[in-house]
Structure formats: C-alpha cells, structure tokens
Amino acid sequence: MRAAERSAAGDAGAIETGAERDVWQLLARVPDPEIPVISIVDLGVVRYVRRAADGRLHVGITPTYTGCPATAAIRSATREALDEAGHRDALLEEVLSPPWTSDWVTPEGRARLAAFGIAPPAAASDPATGPVRCPRCGSLSTGRISEFGSTPCKAHYVCNACREPFDHFKCI
Amino acid sequence: MSPASVAPARRERALNEALFRYVLRLADTSLVLGQRLGEWIGHAPALEEDLGLANLALDLIGQARLLLTYAGEIEGKGRDEDALAFLRDAPEFLNLTLAEQPNGDFAHTIVRQWLIDAWQIEVYEGLSGSADTRLAAIAAKAIKETRYHYRFSSGWLVRLGDGTAESQARTQQAVDSLWRFTGELFTPDEIDERMAAVGIAPDLPAAAGRFGNRVDEDLRRAALVRPAAQPHPWHGKRGVHTEHLGHLLGEMQHLQRTYPGVRW
C-alpha cells in the first residue's frame, strides 16, 4: 500500500534510497494525535519521502481536513521525529494537491481502526457504499446517528444488534 | 519604465487587485459563516447537531485560513491570515450578505447553510479547474468537505420541511426570509466577470442554472415552496453589509480590539 501511496504522490519507479526507507519506517511509528492506534503513514498523510536534486530529504505531508486541529500537531511530531533521527536538514513540505482521501488509509490502518472500535472507511469513490459493519459484534444492522463525530474524520453510528454506539471513519 | 510597458504593468496590477478581492470574498464568506456556526456550540437542539455544526464551522474556518493566507500573498503587503481576519473592520469584509445573517432558529441555520453549501459546490467545482493553480488546489480540497456539508444540510432541510406542521412552517419561514439574499450569490459584478474572462473563476450565470435546479429539487423533496425572485439591495461582497456583521466582528475580534497586537 505504501508503494501505491508513493505512486499517487508521483514518484513511482524512483529508486528508494536507504535513507528514504528509514524515514518511512520512522514515520510509521509516529502516531496520529487524535487516533493514536494508527500512524500518520497508516492515515495516508505522508505523501512522499525523497532525496531531491539539492541532496536534501524532502518529506511531504497533507492535511486530512482543512480545519483539522491535528494538522499542526502532525507537523510538529513529524519534525521532531526527523530531528531526533538526525535528519535535521530534511525539508518538511505541506502539500494540498491531490487532496487527501480516506482511500489512502492503509489496509494495516484499517485493521487497527476496526480493532480499536472505529469502523474503517469504505471506498470514497463508490457512492453506493454498503452498510457499515459494527466493529464490536460484526453485525451489518447498523444506523447512522450523525454525519459528524468527535473529530473531523469520524461520523457517529449505532449497532442495532449489540446496541453499542461506535465511530465510523468518514469516507471522503 | 518605458511608456510602452506602463499599460501592461497597470493591467497586471489591476488584475492582481481584482484577484485579491475575489479570493477575499471566498475567504470571508467561509470565515463569517464558520464564526456564525460556532455560536451554536453548547446550544444546538441535540448533542449530535451541536457536533455537526461545530464540525462544519471547523471545515469552513480551515478553508478560510487557506484562502486568507493566499489573499495576503496576492496583496503583497505582509498581511497574514490573522491580520486579515482580526484587523479589518466590516466595510473591508467582502463576504456574501447571506453568510452574516443571524442563526435564528435551527431551521434558519439549516436553510442558510443549505443555500451556501449549494453555492459553494458550484463555485468550488468551477474553481477546481481554475487557471490559478493555487485556487484550484484549495477548491479541490474544499469541494470534498462542501459536498459532505451539503449532505447534512439538504438532509435536514428535507426532514424539517417534510416533518411536522411546526417544523414545516418554521422552515418555510426561514426560506422566505433568507431568499432575498440569494440574488447576490450568482449576480456577477466586474470582478467576477474579469476573473471568469481570464479563466480563474467559473462563469456565474451558467452556475446559476445548475444551482437553481438543485435547489428546486431539494425544495420539492422537502415539500417547501420557492419564493419569488426579489431584487437585491445587498452588496456584502462589495463591503456593504447588514448591521449584523459589525456585531459578529465585535465578538470575533474582541481580543485584538481590547489588546491591540496581543499575541498568543
């Protein structure tokens, strides 16, 4: 999936250097500030890590939602992780285009969301999404309570079988 | 500067000034509506709607930040998003008059939201293909949020309109009272026309048709009646506002007005 992400970021086919691989692994250990069970790489906000012609590492991150308060926290956590690993001269770039989509959440990220009790997103490109599966009991008999939830990336659902409320990662 | 290059330089400056004002209009509409929605926090009819309105506000303020930052760069006088949001007075705000209208009851808030969501869908869709790549990137990002907002606002419009006699009457009243501000949404002025001519902004009259179809279909599903078109003496996007904006800014800019230059 990370390969697919890199391809979406436009550098498919580029030969990955050891340093680039190290940084991907490093950032895969930086938790999302609001949903710490997944990393910022799982969330799909790390768009590229590449050694540019200027010899420096360029790391691209993109916001999930324009107003998401976690964006600043993700930026500083990424900077801190890079600095601590000795990549002080790495350039952290914020990119807007192409816009983030929940389709970029990795399969590992989806599994972790479900295990944590958050129903992972369905394909955003598919308007006829099926029912949302309850992350607790697995029932497909669920209903939406609200399009919105406790963070910009989640909606509020309830399971008709086990009667538990749960969060569903918005498909956008 | 040689006489031959004066005219193009002046044209360039005039285009830049028009772009600055065009981007401010988009930014201010999002910012003012976001601030209005924030007034609901802790007061909405149910916790879910409280969260919903706060989430809409958050997205709108996020869009406003991107647009204000860009406007400041276009202007080139060193004003950042904060300077533009907190250090301008009402006549310098260029938001749509509809955005500054008070929340009223929940039906008023939903109708205002639904109209602006439907307007933003047309504008952002058009801007996604803008000749201005920065605006295109911001619009491509914002349109995804706006479509989601529209799902919320049009869903509530139908539920309220096609609901009880009470909710139906209140929602029709909201439509009747806010309709007079819709003329401004798609009536182009010289800035809109200039931006459309150079491929930066969408053609408003063409978008007006799509907006009308969408709104009519939603009103039909909501069992509500579209009021007759009215002439609009409202010119928020030219800085001429209803009295409500001043009060909104008084609250939003309270800290900077009380302690000028204070920093977080």
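Predicted model: local features only at pLDDT ≥ 70, side-chain atom pairs only at ≥ 80, totals over all residues.

In chain A, three strands make up an open sheet with mixed pairing, and their order is β1-β2-β3. The edges are held by β1 (46–51) and β3 (91–94) of chain A; each has a single partner strand, so one side of each is left without a neighbour in the sheet. Direction ignored, neighbouring strands here are turned by 20 degrees against each other on average.

How do the strands β1(A) and β2(A) run, and how many bridges join them? They run antiparallel, and five bridges join β1(A) to β2(A), which spans residues 57–61. Within this pairing, R50(A) is found opposite H58(A) of β2(A).

Against the sheet lies helix α2 of chain A, residues 18–27, which touches β1 and β2 of chain A. The direction of α2(A) makes about 150 degrees with that of β1(A). Helix α3 of chain A, residues 70–84, also packs on the sheet, touching β2 and β3 of chain A, and its direction makes about 155 degrees with that of β2(A).

I turn now to the second pairing. β2(A) and β3(A) run parallel and are joined by four bridges. Here I61(A) stands opposite E94(A) in β3(A). From β2(A) the chain passes through α3(A) to β3(A), a right-handed β-α-β crossover.

Finally, the contact between the chains. Chain A contributes 15 residues and chain B contributes 20 residues. On the side of chain A that touches chain B, eight residues are nonpolar, six polar and one charged.

Terms used:
Residues numbered from 1 in each chain as written. Chains lettered and ligands numbered in written order. Contact = placed C-beta atoms within 7 Å. Nonpolar A, V, L, I, M, F, W, Y, C, P; charged D, E, K, R; others polar. Pairing = 2+ DSSP bridges. Helix = DSSP H or I, 4+ residues; strand = E, 2+ residues; numbered from the N terminus. Axes fitted to C-alpha atoms, helices over the stretch in contact; angles between N-to-C directions. Right-handed = clockwise from strand over helix to strand, strands pointing away.
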